[in-house]
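Here is a short report on one protein model. Look over the sequence and the structure first, then read on.

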Protein chains: 2
Amino acid sequence: MALGHKGLDFETRPVLFTEIKDIGNGFSPTVPVLDDRGMMLRDSFDIALYLEENYPDRPSLFKGDGGKAHARFVESWCISFMQPRLLRLIVKDIYDRLDSADQPYFRGSREKFFGQTLEALHEGRDEKVGDFRDGLGPLRTMFGRQPFLGGNGPLFADYIIFAHFQWARVMSPLEILCPDDVVAHWFQCCLDLHFGMGREMPSASAG
Amino acid sequence: MALGHKGLDFETRPVLFTEIKDIGNGFSPTVPVLDDRGMMLRDSFDIALYLEENYPDRPSLFKGDGGKAHARFVESWCISFMQPRLLRLIVKDIYDRLDSADQPYFRGSREKFFGQTLEALHEGRDEKVGDFRDGLGPLRTMFGRQPFLGGNGPLFADYIIFAHFQWARVMSPLEILCPDDVVAHWFQCCLDLHFGMGREMPSASAG
């Protein structure tokens, strides 16, 4: 989304969890990794900062230093609130959709993290999704005032949160958001951005 | 804090809840209200935007349009997460410290909001303060990366959150934060800002 926002041409290469170590001889323990004509970068936020600095004539991802600083709070809210709660809801669905080469690694690491089996985490999730939705109050309150985290248009902070809902959309048929939620409306707007690039990834619930 | 950040001279006038209606013939249902040489403003965020626009040669409160937009997410996180949970913890202490003229209004409106008596809300708060602290993960994660919401220095977003902890500090002897929490460290740094203007307000726990 950050590359789309900057209007840059790019090619994506999906990798298995167990292949990440082969990118650039172990350049990064995680994805995404960006190879910008030989310049290698890792970590979504660092990649966005790099794009902002190196493509200053393209639309801004942060609109100033205040935007950069405060986007870190949005990132932190995702890391400490949204990501673990969302993962808990969809972790079994992710496992089911993984390449079999990745499944043992994924089950082992995620069950260790949660201290529960994937099957136990999956149980009773229909009630837990309500708690997750309740916790989205900060987004809901803000969308009552402006259409994007970036104000009238999207900035990188929108993509930080969008990425989590997109992850759920692609990996799980669970209805994470009620369709009449303002957060769902914002998500649909994000899917339309940059020539609908988000929508090109098929949804797990599309049969 | 926003006036201090801009380095502007000002005079504060405390008012009772029941006196707010007398400011400028009912200009605002809430405080703060700013009278800038006859220009009347209400609402903290709108006041900060006004100061930013009208005193552009002073230190910035937002550092750009991205900062303005994302500060709305910080404000929304406070409104929907922090403020109601904090109020629940300290509401009885606030009541006890109010001018007697304000007490009936305060008890009536707050008990209606929570659907419980102030005394019932007060009970068991020592356990509830743990839940409140747990919910500060987004701040804690962020302070592992940068000292202020504004990055290396404070911006208006810091003052939005600071105001809530300051409110608790002034109105309640309850220890809201563990002293070794990075959030407590940030709060102490904020109390030192602008010649220690926050520290001039006496703490409720200072005996």
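## The nonpolar core

A nonpolar core is a set of buried Ala, Val, Leu, Ile, Met, Phe, Trp, Tyr and Cys residues joined through side-chain atoms within 4.5 Å. The largest one here has 121 residues. Which members touch the most others? They are Phe165(A), Trp186(A), Phe165(B) and Trp186(B).

Take Trp186(B) as an example. Leaving out residues up to four places away in sequence, Trp186(B) touches Phe143(B), Pro147(B), Phe148(B) and Leu149(B), among others. Its list also includes Asp158(B), Ile161(B), Phe162(B) and Phe165(B).

## Confidence in the model

This is a predicted model. Its scores are ipTM 0.95 and pTM 0.96. In chain A the mean pLDDT is 96. There, 99% of residues reach 70 or more.

## Helix H9 of chain B

Trp186(B) is one of the buried residues of H9(B). This helix covers residues 182-196, 15 residues in total. From first C-alpha to last, H9(B) reaches 19 Å. That is close to the 21 Å expected at 1.5 Å a residue.

At the start of the helix, look for Asp181(B). One of its side-chain oxygens comes to within 2.9 Å of the backbone nitrogen of Val183(B).

Val183(B) is itself buried, and so are Ala184(B), Phe187(B), Cys190(B), Leu191(B), Leu193(B), His194(B) and Gly196(B), along with Trp186(B). What do the buried residues of H9(B) pack against? Their partners are H1, helix H7 (137-143) and helix H8 (156-171), in chain B.

## Gly4 of chain B

Helix H1 of chain B spans residues 2-5 and contains Gly4(B). Is Gly4(B) buried or exposed? Its relative accessibility is 18%, so Gly4(B) counts as buried, because the cut-off for buried is under 20%.

Gly4(B) and His194(B) are 190 residues apart in sequence. In space, their C-alpha atoms are 5.6 Å apart. Setting aside neighbours within four places in sequence, Gly4(B) is in contact with Phe10(B), His194(B) and Met197(B).

## Gln83 of chain A

Gln83(A) sits in helix H3 of chain A, which runs over residues 65-97. With a relative accessible area of 35%, Gln83(A) is partly exposed, because that class lies between the 20% and 50% cut-offs.

Which residues does Gln83(A) contact, apart from neighbours within four places in sequence? They are Cys78(A), His164(A) and Trp167(A). His164(A) is 81 residues from Gln83(A) along the chain. Their C-alpha atoms are separated by 7.0 Å.

Notes:
Residues are numbered from 1 along each chain as its sequence is written. Chains are lettered from A and ligands numbered from 1 in the order in which they are written. This is a predicted model: local features need pLDDT of at least 70, side-chain atom pairs count only at pLDDT 80 or more; totals for chains, interfaces and linings use all residues. Side-chain values use heavy atoms; hydrogens and water are left out. Buried means under 20% relative accessible area, exposed over 50%, partly exposed in between (1.4 Å probe, protein chains only). Contact means heavy atoms within 4.5 Å. pLDDT is the predictor's confidence in each residue, from 0 to 100. Helices (H or I, at least four residues) and strands (E, at least two) are DSSP runs, numbered from the N terminus. The expected span of a helix is 1.5 Å times one less than its number of residues. A polar contact is a pair of N or O atoms within 3.5 Å; within protein, one must be able to donate a hydrogen and the other to accept it, and residues adjacent in sequence count only if both atoms are side-chain atoms.
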